[in-house]
Amino acid sequence: MKINILPSFSALMTTGIALSCSLATYADESAYDSYPVYTGDDLELTVESDATLFRLWAPTAEAVRLSLYPTDRNSAAEKTIGMTRSVDGTWVAKLPGQLYGKFYTFSIKHNGQWLAETPGVWAKAVGTNGQRAAIIDFSRTNPEGWDSDRGPHTPAITDAVIYEMHHRDFSVDPSSGIVNKGKFLALTEDNTHNAHGDATGIDHLKELGVTHVHILPSYDYNSVDEANLPSNGYNWGYDPVNYNAPEGSYSTNPADPAARVKEMKQMVKHLHDNGIGVIMDVVYNHTAQNDDSNFSLTAPGYYYRHRPDGSYSDASACGNETASDRKMMSDYIVNSVKYWAKEYHIDGFRFDLMAIHDTETMNRVAEELKEINPDIFVYGEGWTAGDSPLPVERRALKENVSKMPQIAVFSDDIRDAIKGHYSDASDRGFATGKPGLEETVKIGIVAATAHPQVDYSKGNNSKFAYASAPTQIINYVSCHDDLMLTDKLRKSMPDATDAERQRAARLAQTIVFTSQGTPFMFAGEELFRDKKGVHNSYKSPDSINAIDWELKHTNADQDKYYTELIKLRKAHPAFRMTTAEQVTRHLKFDDVNEPNLISYSLIDNANGDEWKEIKLIFNGADEERVVKVNKADWTVIAHDGQINADGLTTARGGKVTVAPRSATILARTK
Ligand code: CA
């Protein structure tokens with residue numbers, strides 16, 4: 001998800017979970033801080049050479065039971081035993097032998113009542129619908145060559161080009177030519193193509209040149225019934241159940257706990273083998289359920305924030321919010337992402353509604369991940385979807401990103417300024433001819449760092465330079481939330497042709513991909529896909545969400561433009577500066593006081609670039625603009641809706657005419 005600045009009812013719709021406020025009486029909020037803390041790394045399940053050990057953190061339990069099952073569902077327990085109270089709020093049990101192939105649940109006695117069975121909060125393998133945890137041998141889940149598997153080397157996050165995709169959108173349409181439709185394995189298939197022979201799937205990603213795929217939630221989530229695939233097949237997945245196991249509907253067999261693990265690893269391995277990193281969208285800010293969540297069934301109340309009346313506070317607008325400011329929840333988030341980084345070789349994490357978490361936890365996340373692999377990066381939504389008891393100064397907000405040196409946040413500034421407001425379909429932006437947004441676009445161009453030529457008082461969303469460095473900003477113009485770019489352009493330019501809208505899309509993305517910060521795009525935008533005008537497609541059918549790969553033929557020129565644009569960015573470090581000082585020194589805006597016009601230069605071989613100067617002129621107006629450019633031997637990189645990273649033609653400078661609604665980019669080496 002989702003939404004920014006203001007709470008929105010569309011956020012509520014995202015998971016389809018009604019607001020249900022439990023009035024159960026919990027301990028006083030501050031009492032949670034006195035709970036014992038367990039810091040060992042053996043929570044819930046450890047398989048030794050001759051025994052299987054269980055350790056559940058359930059500090060308020062009066063008793064705890066462990067049940068063993070022969071199958072993942074529809075079977076009676078073959079054994080139920082009482083667990084023994086142990087150190088620091090944990091309960092333990094030890095059974096002889098390696099119980100591979102068995103399933104288990106815990107149940108705790110709370111206030112004199114046995115609560116429902118739960119697979120725990122640390123289930124790393126689960127059966128159908130994640131109801132029972134599974135005991136599997138992880139050493140047998142690794143693809144060949146896994147020990148030497150590694151993602152792309154990414155010295156700075158600004159070197160990344162991020163492609164946000166949903167497994168099902170990407171491969172489910174027949175035009176994909178992919179066999180494993182909607183599955184992790186879709187990204188292991190080479191040589192797939194549409195009916196016209198254009199590359200699809202991973203081959204398309206390689207052609208396009210993106211460095212990382214950002215996969216929408218891929219942990220085990222609630223809303224797709226894994227027992228009835230594929231009849232009930234679609235959800236974004238922002239409704240977490242088991243944070244440490246892959247989602248079953250993306251595997252070829254949800255009933256086989258090892259299959260989802262193996263297949264997700266195969267996906268990662270194949271992407272890595274092709275030079276592409278994997279970023280996981282993680283949603284630790286809330287759970288799909290309240291009283292029935294795995295958190296509530298092991299340590300009732302502890303993992304959530306509450307209102308004074310004991311009801312769940314709800315900064316996620318999905319019914320609850322977790323309490324990262326409590327030690328065991330903070331540790332949980334940190335240890336969970338570390339687990340994904342180590343076991344699945346994940347290269348980056350995108351935090352949903354990150355501002356529900358505290359800055360201290362997010363800093364721990366980044367620091368401890370970088371110890372595992374310095375190339376891992378972390379970014380998130382620097383906002384909440386509702387108010388929170390967590391004090392504003394502690395929230396991992398966009399406005400607090402300077403307190404989180406190794407974290408990046410999405411720039412809603414550049415997003416809304418380029419295309420128009422996210423929630424007002426007909427509103428236009430800089431690239432579609434609305435005047436007055438020039439300064440906000442400039443905030444995006446300098447990645448929200450302090451720059452002497454940017455007047456933050458004129459910013460639409462932000463009034464101060466909130467980023468300390470360009471490495472803290474993700475620039476984008478659309479994502480899975482709200483109207484994606486094609487639909488936004490259709491709604492806001494109702495009288496235009498698609499050719500005119502494609503022109504606007506090119507300008508919009510040229511601004512994003514040449515700006516300082518890290519560029520991010522939504523899958524299929526390069527094909528000018530749409531979602532038929534649906535702004536919140538979280539559970540829409542494939543007919544709305546699937547990428548029609550025939551569009552790669554229909555809109556080949558659009559795809560070509562994006563490909564060249566990405567090539568340009570990757571070839572030129574000037575677009576990828578890492579410090580605010582560099583940006584101030586090497587990025588100079590020209591004094592062009594006309595609506596929908598921005599002109600600037602990247603000068604003096606910025607960030608070691610071979611080009612001495614790069615001139616970028618963006619004209620969002622529906623008419624030509626003339627800009628004065630120094631006389632020199634320029635190579636024309638982009639002009640009039642065309643782009644070639646190696647040059648379209650040459651120019652002498654002087655008065656340069658910039659075509660309507662397009663970007664002109666010039667470069668010179670001397
Ligand atoms: Ca699931």
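Arg 490 is partly exposed, with a relative accessible area of 26%. Its salt-bridge partner is Asp 498, which is also partly exposed, at 29%. The model described here is predicted.

**Salt bridges**
- Side chains of opposite charge can pair when their charged atoms come close.
- In total, the structure holds 38 salt bridges.
- Between Arg 490 and Asp 498, the closest N and O atoms are 2.8 Å apart.
- Arg 305 pairs with Glu 321, with the closest N and O atoms 2.8 Å apart. Arg 305 and Glu 321 are both buried.
- Lys 398 and Asp 413 form a salt bridge with an N to O distance of 3.2 Å. Lys 398 sits in the loop between β16 and β17, while Asp 413 belongs to helix α8, 15 residues apart. Lys 398 is buried, with a relative accessible area of 1%, and Asp 413 is buried at 0%.
- A network of salt bridges links Lys 327, Asp 331, Lys 338, Arg 364 and Glu 368.

**Calcium site**
- The calcium ion has protein donors from Asp 220 (OD), Tyr 221 (O), Glu 226 (OE) and Glu 247 (OE), at 2.2 to 2.4 Å.
- The spacing of these donor residues in sequence is D-Y-x4-E-x20-E. Tyr 221 is in strand β12 and Glu 247 is in the loop between β13 and α4, so the two tie together parts 26 residues apart in sequence.
- Tyr 221 is buried, with a relative accessible area of 3%, and Glu 247 is buried at 0%.

**A buried histidine**
- His 572 is found in the loop between α14 and α15. Its relative accessible area is 3%, so His 572 counts as buried.
- The side chains of His 572 and Asp 609 make a polar contact of 2.7 Å.
- Leaving out residues up to four places away in sequence, His 572 touches Asp 609, Glu 610 and Trp 611.

**Nonpolar cores**
- The largest nonpolar core has 141 residues, and the members touching the most others are Tyr 163, Phe 349, Phe 351 and Phe 618. Helix α6 (residues 327–344) supplies the largest share of this core, 10 residues.
- Beyond its neighbours within four places in sequence, Phe 618 contacts residues including Phe 430, Ile 445, Leu 507, Ile 598 and Tyr 600.
- Another core, of 20 residues, lies apart from the largest one, and its members include Leu 56, Leu 99, Tyr 104 and Phe 106.

Methods:
Residues numbered from 1 in each chain as written. Predicted model: local features only at pLDDT ≥ 70, side-chain atom pairs only at ≥ 80, totals over all residues. Heavy atoms only, no water. Donors = N, O, S within 2.8 Å, 3.2 Å for Na, K, Ca; no water. Helix = DSSP H or I, 4+ residues; strand = E, 2+ residues; numbered from the N terminus. Buried < 20%, exposed > 50% of the residue type's maximum accessible area, 1.4 Å probe, protein only. Core = buried A, V, L, I, M, F, W, Y, C linked by side-chain atoms within 4.5 Å. Contact = heavy atoms within 4.5 Å. Polar contact = N/O pair within 3.5 Å; in protein donor to acceptor, adjacent residues only side chain to side chain. Salt bridge = Lys/Arg side-chain N within 4 Å of Asp/Glu carboxyl O.
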